[in-house]
Amino acid sequence: MPTMDPNRKKSKPVDLVDSVDSRVELTESTRSCPFPDEVLERVLSLIDSHKDRSSVSLVCKDWYNAERWSRRHVFIGNCYSVSPEIVAARFPRIRSVTLKGKPRFSDFNLVPEDWGADVHPWLSVFSSAYPFLEELRLKRMAVSDESLEFLATSFHGFKALSLLSCDGFSTDGLKAIASHCKNLTELDIQENGIDDLGGHWLSCFPESQTSLEVLNFASLNSEVSFDALEKLVSRCKSLRVLKLNRNISLDQLQKLLLHCPQLMELGTGTFMQELISGPVTEFKNMFSNCRKLVTVSGLWDATPLYLPVIYPVCASLTFLNLSYATLQSSELANLLFHCRSLRRLWLLDTVGDKGLEAVGSCCPLLEELRVFPADPFDQEIFLGVTESGFVSVSRGCPKLRHVLYFCRQMTNAAVATIARNCPDFTHFRLCIMNPGQPDYLTKEPMDEAFGAIVKTCTKLQRLAVSGLLTDRTFEYIGQHAKNMETLSVAFAGNSDLGMECVLKGCPKLRKLEIRDCPFGNAALLSGLTKYESMRSLWMSACNVTMNACRMLAKEKPRLNVEVMRDEEGSDDSQAHKVYVYRSVAGPRRDAPPFVLTL
C-alpha cells in the first residue's frame with residue numbers, strides 16, 4: 001500500500017487480530033468475483049483504512065485473498081494479541097509494520113521493566129518472511145542493541161525506523177542503523193529509555209547518505225558531533241523534519257538552517273545563549289527563509305530576548321510545542337499574537353490563566369491543547385492553571401476537539417461551560433493532580449462535570465477522569481458515552497456498580513484502564529461478554545482476587561488473563577495487577593516469573 005501523506009487525515013487503526021480472527025467463518029461465495037485477481041488487488045490496495053480492509057476481507061474468499069495479497073502495512077496494537085508467525089502467514093507482502101508492546105500504564109512505572117514485549121522474535125520471523133521490509137514503528141517495546149544491529153543488517157532495503165517510549169538499547173544501536181541502512185529516510189527517536197553513550201553515532205552515516213527526510217533525536221541528552229550533523233543535513237536535500245536535542249546552540253541552529261530551508265517541522269535546541277556570533281536580527285532573517293515550516297518544537301530555555309526570532313514563521317505554523325519552554329503569560333501572549341493559524345498547541349502551566357486567555361484570544365482555529373505541569377511532584381506549588389484559564393480557551397476556541405489539561409483545582413460549573421462551548425470534543429483528559437479533589441468551591445464530587453462532558457460531547461472517543469468521583473460519574477458514562485473507545489480511571493468510584501455501568505453501557509469501548517479504585521470481583525466478571533470485543537483491560541490496586549481472575553480465564557479461554565505479582569510477602573489471594581487482552585496466539589511463551597498467566 002502506498003505510504004500515506006503525513007498531512008492527510010489518518011484513518012482509525014484497528015488491531016491486526018480483527019482481520020486475523022474475524023469470528024466469522026468464510027464460505028464459498030454464490031457469485032463469482034466479476035474482477036480478475038490483479039484488478040481486485042489493485043483496487044483494494046487503494047483502501048487506507050485498516051477497519052475497511054478488515055471488513056472487505058470478510059465479503060468472500062476471493063476478496064479475503066485479494067486483501068491478503070494487497071496488504072502492505074499492518075498495525076498491531078498489542079504485540080501479544082497475535083504471533084509474528086500468524087502475521088507472516090496471513091499477509092505475505094508487508095512492507096511496513098507498526099507494533100505496540102507494554103500497557104500504557106508502563107509510562108507511570110506500573111509495569112516492571114522486564115515484563116516483556118521484546119521485538120527480537122518479531123524481527124527473526126520478519127527477516128525470512130519480509131526481507132523487503134521498509135518501515136518499522138515501535139511503541140513501548142523492549143529493543144536491544146543486538147536487535148537494532150540485526151534489523152540494520154537483515155533488511156537491505158530498510159527505510160524508516162520510529163522508536164517511541166521503547167527501552168533497552170543504547171546509542172550503539174543507533175550506530176548500527178546509521179552505518180548499515182543505506183536507504184534510510186526516517187530515524188525518529190522519541191522519549192525512549194535509552195543508554196546515551198555519546199553523540200558519535202551521527203558520524204556513522206556514510207558520506208553517500210542523502211536520502212534522510214526525517215531525523216529526530218530531541219530526547220537524547222549528550223552532545224553530538226556537530227560537524228557530522230551539519231554535513232549530513234547539507235547532503236539531505238529532501239529533509240523535511242529535523243528535531244534537535246538541547247545541546248544544539250543558537251549559533252549551530254543558524255548554520256543548520258542555511259542548509260535546509262525546505263523544512264516543514266523543526267525542533268530547535270536551546271533558545272538561550274550568552275555569546276552569539278551576530279545580532280538577534282540575523283537569526284530572525286534566517287527563519288525568514290524557512291517558508292514551509294508548519295511545526296516548531298524544542299525552544300528549551302526560551303527567553304523574551306530570543307523568542308522574536310521565530311516570529312517570521314509564526315503565521316504559517318499549525319503546531320507549536322512549548323512543553324519544554326517555561327514561558328510566562330506575557331511572553332506567550334506576545335508569541336501567540338503572531339500565530340493565528342495554530343491547530344495544535346502544547347504548553348507548560350507556567351503560562352498561568354493569563355496565558356490561556358491569550359490562547360483564547362489569538363487561536364480561533366485551535367483543535368488540540370495540552371497543558372503539562374512544570375513540576376508535577378511539588379505539592380507546595382499553588383501557581384499554574386485553574387478552571388478560569390480552561391474556560392477562557394473554550395470561549396475563544398470553539399473548534400477544540402482534543403484536550404489534555406493538568407491543574408490543581410476545578411469546578412463542575414466550569415467543566416459544564418467548557419462542554420457547552422466546545423461540544424465537538426473527541427478526546428477529553430482532565431487531570432486534577434491531587435487525587436480525590438472535589439469541586440473546590442462547592443466541595444461536591446466532580447460527577448456533574450464529567451456528566452456534562454459525556455452528555456454534550458457525543459463524538460467523545462477518549463476520556464480520562466480525575467477528582468472526587470462517585471459511581472454517579474460512571475452511570476453518566478454508561479448512559480451517554482456511546483462512541484467512547486478508551487477510558488482511563490484513577491482513584492475514583494464507590495463500588496462495583498461504577499465499572500459495571502461502563503462495561504454494560506459503552507458499546508464501542510476498546511481499552512479500559514483502571515488503577516486505585518474500589519472495583520472488585522463483581523465488577524471484573526460483569527464484563528464477561530465484553531472483553532472479547534475489546535483490545536485490553538488493565539486493573540491495578542483494586543479489590544480483585546485471584547479466584548475471580550481464574551473464573552474469567554475459565555469462562556473466556558480466548559482471552560489472556562495475566563496477573564503480575566507484587567513483592568514477596570504480599571497477600572497471594574489478591575490480584576494486584578491484572579492485564580486482560582484477546583489473542584489468537586494463546587498464552588505468551590516469554591512471561592517472566594512474576595507474571596502468572598491463568
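Let's start with a salt bridge (a side-chain nitrogen of Lys or Arg within 4 Å of a carboxyl oxygen of Asp or Glu): K459 and D424 meet through their side chains, 3.4 Å from N to O. This pair links distant parts of the chain, 35 residues apart, with K459 in the loop between α17 (447-456) and β17 (462-464) and D424 in the loop between α16 and β16. The model is a predicted one, in which local features need pLDDT of at least 70 and side-chain atom pairs count only at pLDDT 80 or more, while totals for chains, interfaces and linings use all residues. Residues are numbered from 1 along each chain as its sequence is written, and side-chain values use heavy atoms, leaving out hydrogens and water.

**Salt bridges**

- The structure holds 19 salt bridges.
- K459 is partly exposed, at a relative accessible area of 43%, and D424 is partly exposed too, at 25%; here buried means under 20% relative accessible area, exposed over 50%, and partly exposed in between, with a 1.4 Å probe and protein chains only.
- E368 and R370 also join their side chains in a salt bridge, at 2.8 Å from N to O.
- E475 pairs with R472, their closest N and O atoms lying 2.7 Å apart.
- Helix α18 (residues 471-480) contains both E475 and R472, which sit 3 residues apart, about one turn of the helix; helices (H or I, at least four residues) and strands (E, at least two) are DSSP runs, numbered from the N terminus.
- An α-helix has 3.6 residues a turn, so residues three or four places apart point the same way.
- R472 is partly exposed, with a relative accessible area of 35%.
- A network of salt bridges links R104, K511 and E513.

**Helix α15**

- Helix α15 (residues 387-396) is largely enclosed by the rest of the structure, because 8 of its 10 residues are buried.
- Its buried residues are E387, G389, F390, V391, S392, V393, S394 and G396.
- The cover over these buried residues includes α14 (352-362), β14 (368-372), β15 (402-407), α16 (412-421) and β16 (427-432), with contact taken as heavy atoms within 4.5 Å.
- Where α15 starts, a side-chain oxygen of T386 comes to within 3.2 Å of the backbone nitrogen of S388.

- Strand β21 (residues 559-564) is mostly covered, with 6 of its 6 residues buried.
- L559, V561 and V563 point one way from β21, while N560, E562 and M564 point the other way.
- In a regular strand the side chains alternate between the two faces of the sheet.
- β21 runs antiparallel to strand β22 (residues 577-582), joined to it by 6 bridges; strands pair if DSSP finds at least two bridges between them.
- L559 has R582 as its bridge partner in β22.
- Strand β23 (residues 595-597) also pairs with β21 in the antiparallel sense, over 3 bridges, and there V563 has L596 as its bridge partner.

**Cysteines**

- A search of the whole structure finds 0 disulfides, a disulfide being a pair of cysteine sulfur atoms within 2.5 Å.
- C501 is in no disulfide, and the nearest cysteine sulfur, that of C506, is 9.3 Å away.
- C501 is buried, at a relative accessible area of 18%.
- The sulfur of C517 is too far for a bond with the closest cysteine sulfur, in C542, at 5.3 Å.
- C517 is buried as well, at 3% relative accessibility.

Methods. Polar contact = N/O pair within 3.5 Å; in protein donor to acceptor, adjacent residues only side chain to side chain.
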